[in-house]
Structures are given as C-alpha cells and as structure tokens.
Amino acid sequence: MKLSQFNFELPQEKIATEPTRWRDECRLLVLHKDSGEIEHRQFKNIIDYFGKGDNFVLNDTKVIPAKLYGKKEKTEADIVVFLLRELSKEQRLWDVIVEPARKIRIGNKLYFGEDDSMVAEVIDNTTSRGRTLRFLYDGPYEEFKQALYALGHTPVPEWVKEETDESDVENYQTIFAANEGAVSAPAAGLHFSRELFNRMILKDIDKTFITVHMGMGYFRSVDVEDLSKHKMDGERMIITREAADKINATKRAGHKVVACGVTVIRALETYVTTNKEIKDNDMWTNKFIFPPYEFSIPDAIVSNFHLPQSTMLMTVAAFGGYTKVMNAYRVALEEGYRFGPYGDAMLII
C-alpha cells in the first residue's frame, strides 16, 4: 500500500488537548471488522463485548519527564532535548534528540535549568537529529537522576498542546504504569480506570501486562510513498514468562486476546512461533505492521484515533481492514470524535 492512501483532512480542533474528566468516560467507536457495522458507546462499556477468560493485554511502561529546555554554549541558542534512553548509569550517558539539530556538534556543551545547574556534553552524532550526551554530574547516581527529572517536562506532543502543565503529569500516564522508560504514553491504556478494572474482575475478564518503552518513532513522518521501504525506530519490549504463558493459555482455551494499543500489537506480533504462540523475551523490535498483514495473536484491538499518514493508523488498518477502518475514521470525524492521545478510542472486534 501507498502512503497517500492513508491521508485525510484532520482539522486542528478535532485533536483533544485535554482528556475527559473520567478516564473511562471518553467515547468509544466499536467497529465489527467482519460486517463493517459501527456502534457508538462509552469506553466503560467495552467489557460488554467480552466475557470470562478473555484477556486484555496492556502496556505498563512508565513515561519519564523526557522533555528538557536548554541553551547551547556561547550562542545561548534555545534548544529542546528529548531523552530517549539511558546508555550508562556510571558515565551518565543518554541517547537524545535535539531540536533544532542544526549546528549541534560533537564537543558542544548544553546547559539546563535556570541557573545552568545541569550541563551535558555532546559526544556523538548518531543520526541527523539524534545525539549521545554525557551529563557532567559528579554526585551519586540517584541524586543525578532526581535532578535530571526535576528539570524535565511531560513529553506531550506539541501537536496536541504547545505547553504542558501540572495536570499532564497524571493525565499522560496510565494508572498501571510501572516500568520506567517511555517518552510517549501508550494512549489506549489511558482510558482504563480502577473502577473499570474492578468491573473486569467481576466478569472474570483477565488482564496481562507487558512492557514496551514507546519512543518518538511513532510520531515521525513517513517520507516514502512505498510503505515497504519505511524503517521504524526500535523499541525495547519485555514479555515475561508468566505473561507469555497467560496469553498462550488464553488462545488455547479459545478465548479472546485483546491488544490494547499499537505498541502491544507490535510486541505480540514481533516473535511468534510456528504454532502461533509467543515466547518470553527482552529484546528490541522495529516491526512495522501495515496492510495487508495476517495477525497471529490479537483477536481484538483497542486504539485511539491517530493522525493522517501515521504508522499507527496503518497498523490499525492492517487489523480492521483498510476500507473499513478508513470509513470508521470518516464516521468518527462526522460524529465529532476527538483524536490524539487525549482523545477517544476505537475497539475493533
């Protein structure tokens, strides 16, 4: 398929800048992928479509305060740094993205904080925008990490809202976030509340947690018309033995596996055995799923409404069928659904 086939007009006012007051009371568009039938519900009604033994697979990654505002030495030019991943605790090394990347060279020093309390040196240029920084901090590691995160801001994408505030610290984090490492929230998981989890327990609906540290790659524009030539950024995924066993047991028993979010879909489909089961792993995945694609693990998916020409939309279309998903997006726009990580959700079953 071609990039242009995933284009549609998305007015800025359709992108939600704040979540609904209660997590599970956003709108839910339900797409029946076989018939193409569409229903309009609230997210808390999602369990009406599932029963005993069905299993919701959720991403328990935790978003870090990854967005740092700083200045370049000498010129004092304003920069924004996104922390991507920690490379070395001992050497204080981090992979980052610097914006604007122009004129950022190896050896440059970058200053952060009102009193320039945090200093970093550029020690490697890995890509056109990517860099490796060494933070020049002599104190204990925990003290350094606390100081670094105190300077950071919640990395809500700028196309959602230009400036974050205190509410985003909680809003841009799932209630089950546990394993630190994401620079973007797994949006489909934001709609789950403790009340909804309790109602799932009453219906004997299971949930399984895996970890996928979502990066910036999902929000980078695809610049090739032929999708087979697009290269995804890698993300670390961790599926424990217990999680793999629960998911495989669900499939063997004939119950539904519900993949909550594109990161979960990607992780479940990365390493599948010949008998269509998953194994425990701790690895990096750069799998890119777009139509046509034959799925092995998920029986249903939950996803937010994504941007035009985004890889996340392509993955959703691969599951629900290109024509039916693009029609559902047209209906969502007509019906006033909200797009983006703070927006409404879609269930494809």
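Two strands count as paired if DSSP finds at least two bridges between them. The views below come from a predicted model.

**View 1. Strands S7 and S10, and their pairing.** S7 and S10 are antiparallel partners, joined by five bridges. Asp 95 stands opposite Thr 132 in S10. Ile 97 has Gly 130 of S10 as its bridge partner. Five of the six residues of S10 are buried, so the rest of the structure largely encloses this strand. S7 is mostly covered as well, with six of its seven residues buried.

**View 2. Strands S9 and S10.** These strands also pair in the antiparallel sense, over five bridges. Here Asp 124 is the residue that stands opposite Thr 132 in S10.

**View 3. The hairpin of S6 and S7.** S6 and S7 run antiparallel and are joined by seven bridges. Leu 83 finds its bridge partner in S7 at Val 96. Four residues lie between the two strands of the hairpin. Arg 92 takes a positive phi there, near 60 degrees.

View 4. Which residues of H1 are buried? They are Tyr 141, Phe 144, Lys 145, Leu 148 and Tyr 149. Their arc around the axis is only 125 degrees, which places them on the same side of H1. The face turned away from that buried side carries exposed residues: Glu 142, Gln 146 and Ala 150.

**View 5. Aromatic pairs.** The whole structure holds 21 aromatic pairs. In one of them, Tyr 141 and Phe 144, the ring centres are 6.4 Å apart and the planes stand at 50 degrees, so this pair is tilted. An edge-to-face pair needs over 60 degrees between the planes. Both residues belong to helix H1 (residues 141-151); being three residues apart, they are separated by about one helical turn. Tyr 141 and Phe 144 are both buried. A second pair, Tyr 329 with Phe 339, is edge-to-face. Its centre-to-centre distance is 5.7 Å, with 80 degrees between the planes. This pair links distant parts of the chain, ten residues apart. Tyr 329 lies in helix H7 (residues 322-334), and Phe 339 in the loop between H7 and strand S17 (345-348). Tyr 329 and Phe 339 are both buried.

**View 6. A phenylalanine cluster and charges over rings.** Ring pairs connect Phe 43, Phe 50, Phe 56, Phe 176, Phe 192, Phe 197 and Phe 209 into a cluster. Where does the charged end of Lys 207 sit? It sits over the ring of Phe 197, 4.7 Å from the ring centre. Elsewhere, Arg 27 places its charged end over the ring of Tyr 337, at 3.9 Å from the centre.

**View 7. Arg 266 in helix H5.** H5 spans residues 262-270 and contains Arg 266. Why does this arginine count as buried? Its relative accessibility is 3%, and the cut-off for a buried residue is under 20%. The side chain of Arg 266 reaches the backbone oxygen of Thr 285 at 3.4 Å.

How values were computed
Residues are numbered from 1 along each chain as its sequence is written. This is a predicted model: local features need pLDDT of at least 70, side-chain atom pairs count only at pLDDT 80 or more; totals for chains, interfaces and linings use all residues. Side-chain values use heavy atoms; hydrogens and water are left out. Rings of Phe, Tyr and Trp (its six-membered ring) pair if their centres lie within 6.5 Å; planes under 30 degrees apart count as stacked, over 60 as edge-to-face and the rest as tilted. Buried means under 20% relative accessible area, exposed over 50%, partly exposed in between (1.4 Å probe, protein chains only). A charge sits over a ring if NZ of Lys or CZ of Arg is within 6 Å of the ring centre and within 35 degrees of the ring normal. A polar contact is a pair of N or O atoms within 3.5 Å; within protein, one must be able to donate a hydrogen and the other to accept it, and residues adjacent in sequence count only if both atoms are side-chain atoms. The arc is that of the directions from the helix axis to the C-beta atoms.
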